[in-house]
Amino acid sequence: MKHEAPCPECGQMIFVDAPEDASDEDLMSLARDLCNCAGAQLERMKIRSGNKIKEFIEKEFPDDRAPGAIMMQAISTLQSGIYDKITLKKGRRTYTIDLDKDGFARVKSKYTENTETKF
Ligand SMILES: [Zn+2]
C-alpha cells in the first residue's frame, strides 16, 4: 500500500510502497531510496560502498575474519578524523586504507615481489 514518509535527510514527504505493517524506520529508509536530495544521494552511495567493502573483505580474506574486522574498525577510526591512513600487512601484500575527499573508504592493495637475489 501507499504510505507517505519523510526523507530522513531533508524531511521532504515522499510516497512509498510498503506493506501495511511497515515500521517508521522502514518507511523512512524507503523514502531515502526515492528522494533526490543531495543527502539521500550521499547516503545511498555510502551504503553501496559499504556493501562493496564487505565483498572486498570476503574475497581477500575468505578464511580469516580478523582482517575484515580490523579493516571495518580502521574505516570507522578514519571517519573519526584523527588518523589519515591505516596500513595492514600480510606477507608480501600491503593494504593501505584511507578516505577520499568525499569521505568514502578506499583500500589500496600492493603486492611486493621479493627481488632479492643471492649469489
Ligand atoms: Zn531527501
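## Helix H3

In H3, the buried residues are Met 71, Ala 74 and Ile 75 (buried: 20 or more other C-beta atoms within 10 Å of the residue's own; exposed: 12 or fewer; partly exposed: in between; C-beta atoms are placed from the backbone). These buried residues line one face of the helix, because they fall within an arc of 100 degrees seen down the axis of H3, the arc being that of the directions from the helix axis to the C-beta atoms. Ala 66, Ala 69, Gln 73 and Ser 76, on the other side of H3, are exposed.

The model is predicted: local features need pLDDT of at least 70 and side-chain atom pairs count only at pLDDT 80 or more, while totals for chains, interfaces and linings use all residues. Residues are numbered from 1 along each chain as its sequence is written.

Helices (H or I, at least four residues) and strands (E, at least two) are DSSP runs, numbered from the N terminus. Just after H3, Gly 81 has a positive phi of about 90 degrees.

## Packing and cores

Helix H2 (38-60) and strands S3 (85-90), S4 (93-99) and S5 (105-111) pack against the buried residues of H3. Contact means C-beta atoms, placed from the backbone, within 7 Å.

The largest nonpolar core has seven residues: Ala 5, Cys 7, Ile 14, Val 16, Ala 31, Cys 35 and Ala 40. A second, separate core of six residues includes Met 71, Ala 74, Tyr 95 and Ala 105. Such a core is a set of buried Ala, Val, Leu, Ile, Met, Phe, Trp, Tyr and Cys residues joined through C-beta atoms within 7 Å.

Note on methods: Contact = placed C-beta atoms within 7 Å.
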